Amino acid sequence: MAAEIKPAPRTPNDRFSTTKKPALLSKLEGCTDDVNAAVVIPGEDGVISVCDDKTVRVWLKRDSGQYWPSICQYMPSGCTSMFYTPETRQLFIGQENGTISEFTLAQDCNRINPTREYLAHTARVTAVNFSLNCEWVLSVSRDKMFSYHCSETGRRIGGYSFEAWCTALQFDSESKYAFIGDYSGQITLLKLDNNGAALVTTLKGHTGGSFDQIIIVWDIGGQKGTAYELQGHR
């Protein structure tokens, strides 16, 4: 079962404008390669970043007003994705080699303690997610696989294979629906449980292999979609 739409044509009124510009507050410098993810630590003047230079950095704001690393953890391969859970201070790092490493961030933000390794994939982990309610670690990769593991035991629960690289992942813990975007332009909707993943539908509307500059708002229940084209550069 698949729901498919065609992108709506651009009109002169479909323009986004702004009269205000963002103000630069701080710049975090020190990484030597592509920064693949960064997240603010709630309740702290701190930021966690991951980079292709194999580093996980925790940056804290100093008395000078500048951010400096309190942690610089080197990993076995490039750090390609990240998910942080503030409630439990669990930090999940996806890597170029396909491994997901779980850490716990110390209360003083001066160390991260290793918890578990998930041998989830055989290629670059493009997105990782953690559901505290389900105790699941979910991930997608360039090996064309979606996979999810139990965070309490490390056991692989299930997965799903695709025809193209997996590029994006979102998970709704209440419905247990996983949304996986891939390089072909499709979004696949899976229903997850403790026995594995089942296909619900495939949403088609994007152009595969390129940046089509389209935002699509999907009505999952009615299997409808509305396309909005962004103004911008490829």
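Student: Are Arg57 and Asp53 buried or exposed?

Tutor: A note on the source: this is a predicted model, in which local features need pLDDT of at least 70, side-chain atom pairs count only at pLDDT 80 or more, and totals for chains, interfaces and linings use all residues. Residues are numbered from 1 along each chain as its sequence is written, and side-chain values use heavy atoms, with hydrogens and water left out. Buried means under 20% relative accessible area, exposed over 50%, and partly exposed in between (1.4 Å probe, protein chains only). Both Arg57 and Asp53 are buried.

Student: What does Arg57 form with Asp53?

Tutor: Side chains of opposite charge can pair when their charged atoms come close. The term salt bridge requires a side-chain nitrogen of Lys or Arg within 4 Å of a carboxyl oxygen of Asp or Glu. Arg57 forms one with Asp53, with the closest N and O atoms 3.3 Å apart. The whole structure has 4 salt bridges.

Student: Which residues are linked in a network of salt bridges?

Tutor: Asp52, Glu96 and Arg124 form that network. Between Arg124 and Asp52 the closest N and O atoms are 3.5 Å apart. Arg124 lies in the loop between β9 (112-118) and β10 (125-131) and Asp52 in the loop between β3 (46-51) and β4, so this pair ties together parts that are 72 residues apart in sequence. Glu96 and Arg124 meet at 2.5 Å, N to O. Arg124 is buried, at 15% relative accessibility, while Glu96 is partly exposed, at 34%.

Student: What is the order of the strands in the open sheet?

Tutor: Strands of a sheet pair through backbone hydrogen bonds, either parallel or antiparallel. Here strands are DSSP runs (E, at least two residues), numbered from the N terminus, and two of them pair if DSSP finds at least two bridges between them. The open sheet has 4 strands in the order β2-β3-β4-β5, with antiparallel pairing. Strands β2 (35-41) and β5 (67-74) each have a single partner strand, so one side of each is left without a neighbour in the sheet. Between β4 (residues 55-61) and β5 there are 7 bridges, and Lys61 stands opposite Tyr67.

Student: How many residues are in the hairpin that joins β16 to β17?

Tutor: The hairpin connects them through 2 residues. Strands β16 (residues 186-193) and β17 (residues 196-204) run antiparallel, joined by 8 bridges. Ile187 has Leu203 as its bridge partner in β17. Thr188, in β16, is buried at 4% relative accessibility.
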